[in-house]
Amino acid sequence: MHRMKVLTRVNNLPIDTGVTGWNAILEEQAPAIILEESQQCDFLIIGAGFAGLSAARRLSQLKPGARIIVLEAKRIAEGPAGRNSGFMIDLPHDLSSNDYLTTQENDQKQITLNRQAIAFAQDAAKEYILPKEAFNICGKINGAAGEKATQHNFDYAKHLEALGEPYKMLDAQGMKKLTGSSFYQSGIYTPGTAMVQPAIYIRGVSSGLGNKVSIFSNSPVVALDKQNNQWIAKTHKGSVTAPKVILATNGHIESFGYFKRRFVHVILYASMSRALNQAEADLTGIENWGITPSDPAATTMRKISCSRGTRIITRNRISYAPDMKVSEVLLQQMERTHVKSFTKRYPDLSHVKQEYTWAGRLCLSRNGVSAFGEVEQGLYSACCQNGLGLARGTLSGMAIAELAVEGETELAKAFLAEDKPQKLPPAPLDTIGANAFMRWSEFKARKEL
Ligand SMILES: Cc1cc2nc3c(=O)[nH]c(=O)nc-3n(C[C@H](O)[C@H](O)[C@H](O)COP(=O)(O)OP(=O)(O)OC[C@H]3O[C@@H](n4cnc5c(N)ncnc54)[C@H](O)[C@@H]3O)c2cc1C
C-alpha cells in the first residue's frame with residue numbers, strides 16, 4: 001500500500017491556561033461534535049475564532065451550497081476568541097504606539113475597514129438572534145488616572161478631531177458617575193466600538209452557521225498533507241480533504257510551518273469578579289461600561305450586568321511566550337496584579353474575590369501587519385491580528401474568503417497591499433528585546449495599572 005507522505009506534522013497544539021469567565025458563566029455547551037471519519041468538502045477552515053468563523057460565514061454567503069467544514073482544536077469559545085475583553089474597536093488601536101495612533105491617512109483607512117468588520121458582525125448577531133449583551137455598538141472610554149495618561153487622551157482627542165470623529169471628554173466627576181470609582185481623572189468616550197460578550201458571540205455564530213457549515217470541535221489538526229491538488233488535514237480520529245484550506249489559527253500558523261520567527265507571541269491575562277450583590281454593584285456606577293487604558297500598557301476594565309450577575313472584568317499584564325504557552329505559576333502572579341488593580345479602583349470592594357483568572361494568546365508582528373494571503377496553492381492564511389483581533393480577525397476572515405472565491409476584491413487588496421510580517425531578531429535577542437520593551441512599557445504605565 002502506498003504510504004502517504006505527511007508534509008507537516010503539527011506538534012505544537014494550542015493550550016489555553018485558566019478558565020475563561022466569559023464562557024464559564026454560561027450554560028454548558030452541548031457535547032462536542034468530534035471529527036471521527038474521513039470527509040470531503042469544498043472549503044476547509046482550521047480554527048474557529050473570529051477569523052475562522054467569519055471566513056465560514058462569508059464563504060457561505062459567496063458560495064451558497066458549497067460544503068464547508070471548520071475544524072477547531074478546543075471547545076468553541078474556549079480559545080482566545082472567548083478569552084478577550086470583548087472590545088470590537090472601530091478606531092485606530094496600534095498597541096505598539098504610546099497612544100494607539102499611526103498616521104492620519106493610515107488611521108482613516110483602518111477606521112473604514114474596522115467598521116466594515118463591525119457591520120458584518122452586527123449582521124451576524126442579527127441573523128442569529130443573539131442577545132444585546134453578546135453584541136452592542138455602545139462605544140467605549142479611554143480612561144486615564146495620571147497626568148501623562150490624561151495628556152494621551154487630549155492628544156487622542158486632537159487626532160479624532162482631525163479625522164472628523166465624534167468624541168466626548170469626561171472629567172474625574174464624569175468618570176466617577178460612570179464607574180463609581182474615584183480612580184480615573186479623565187476619559188474620552190467614542191461611540192463606535194461594539195462591546196461583545198465574546199463567548200456568547202462566538203458560540204452564537206458557531207451555532208448560527210450550523211445549518212450551512214459543519215463545525216467540529218475538540219478536533220485539532222495534527223498533520224497537513226497535499227496529494228493531487230487536494231489538501232488533507234488529519235485529526236486524531238479522522239481527516240478532511242479539500243481543494244482549498246484556510247488557516248485561521250492566528251499565531252499557531254507557525255505550528256504548520258508558515259511565517260516562522262515572524263511573530264511576537266504574547267500572553268495577556270484577565271480576571272472576572274464573582275457576581276456582585278446589589279449593594280456592591282451600586283458602588284460600580286452604571287450597568288455596563290468598558291474602559292480601555294489611554295496608555296496601551298495599562299489596565300482594561302469592564303462592567304457587565306446580565307442574568308448571570310453584575311461582574312467586573314480586569315485585564316492587564318503581558319508576557320512574551322515564543323512557544324505560546326504559559327505556566328500556572330505565572331497566571332497566579334498575574335491574578336495578584338488584577339486583585340491590586342481592582343482594589344485600587346474599588347477599595348470598598350477589596351473583599352470581592354476574582355472568581356476566574358485566565359491567560360490568552362495574542363499574536364503581533366513587529367511591523368503591525370497581518371499574515372494574510374495564499375501561502376501555497378489552495379492554502380490560505382488569515383492570521384496575526386495584532387491585538388485588534390475582534391475587528392481585524394473578523395475582517396481578515398471576510399477578506400480571505402473573498403480571496404479564495406473571487407480573487408483580489410477591494411477588501412482582499414487592502415490586506416494584500418500590506419508588507420509581510422518582519423523577521424524577529426535571532427534568539428535570545430528577541431526574548432531580551434521583547435521583555436525589556438514590555439517591562440519598560442508597564443513601568444511607565446504603573447500608575448494606570
Ligand atoms: C485577555 C485578552 C484580551 C483581549 N482583548 C481584546 C479586545 O478587547 N479586543 C480585541 O480586538 N482583541 C482582544 N484580544 C485579542 C483577540 O482575542 C485575538 O486577537 C483574537 O481572538 C484573534 O482571533 P483569531 O480568530 O485570529 O484567532 P484565535 O481567536 O486565536 O482563534 C484561532 C483558533 O485556532 C485554533 N487552532 C490553533 N491550532 C489549531 C489546530 N492545529 N487545529 C485546529 N484548530 C487550531 C485555536 O484553538 C483557536 O481557537 C484579547 C486577547 C486576550 C488574550
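Two strands pair, in the sense used here, if DSSP finds at least two bridges between them. Strands themselves are DSSP runs of E with at least two residues, and helices are runs of H or I with at least four, both numbered from the N terminus. With that, strand S7 (residues 140–144) and S9 pair in the antiparallel sense over five bridges.

Before going on, the ground rules. What you see is a predicted model, in which local features need pLDDT of at least 70 and side-chain atom pairs count only at pLDDT 80 or more, while totals for chains, interfaces and linings use all residues. Residues are numbered from 1 along each chain as its sequence is written, and side-chain values use heavy atoms, with hydrogens and water left out.

Back to S9. How many of the five residues of strand S9 are buried? Buried means under 20% relative accessible area, exposed over 50%, and partly exposed in between, with a 1.4 Å probe and protein chains only. Four of the five residues of S9 (residues 186–190) are buried, so the strand is largely enclosed by the rest of the structure.

These strands belong to an open sheet of eight, in the order S8-S9-S7-S17-S18-S19-S16-S20, with mixed pairing. S8 and S20 are at the edges with a single partner strand each, so one side of each has no neighbour in the sheet. Further along, strand S16 (residues 264–273) and strand S19 (residues 309–320) pair in the antiparallel sense over six bridges. Ile267 stands opposite Ser319 in S19.

There is another open sheet, of five strands, ordered S1-S12-S13-S14-S2, again with mixed pairing. Its edge strands are S1 (8–9) and S2 (38–40), and each pairs on one side only. Strand S12 (residues 223–227) runs antiparallel to strand S13 (residues 230–234), and five bridges join them. Gln227 has Gln230 of S13 as its bridge partner.

Now the ligand. Which residues are closest to the ligand? Of the 35 residues that surround the ligand, the closest are Ala51, Glu72, Phe87, Val221 and Gln385; a residue is near a molecule if one of its heavy atoms lies within 4 Å of it. By class, this shell has 19 nonpolar, twelve polar and four charged residues. Here Ala, Val, Leu, Ile, Met, Phe, Trp, Tyr, Cys and Pro count as nonpolar, Asp, Glu, Lys and Arg as charged, and the others, Gly among them, as polar.

An oxygen atom of the ligand is 2.6 Å from an N or O atom in the side chain of Glu72. A nitrogen atom of the ligand is 2.9 Å from a polar backbone atom of Ser85.

Last, some backbone details. Most residues other than glycine have a negative phi, and most peptide bonds are trans. Phe259, in the loop between strand S15 (244–247) and S16, has a positive phi of about 55 degrees. Arg261 is found in the loop between S15 and S16 and also has a positive phi of about 55 degrees. Are these residues buried or exposed? Phe259 counts as buried at 14% relative accessibility, and Arg261 counts as partly exposed at 32%. Finally, the peptide bond from Ala427 to Pro428 is cis, with omega near 5 degrees.

Key: Polar contact = N/O pair within 3.5 Å; in protein donor to acceptor, adjacent residues only side chain to side chain.
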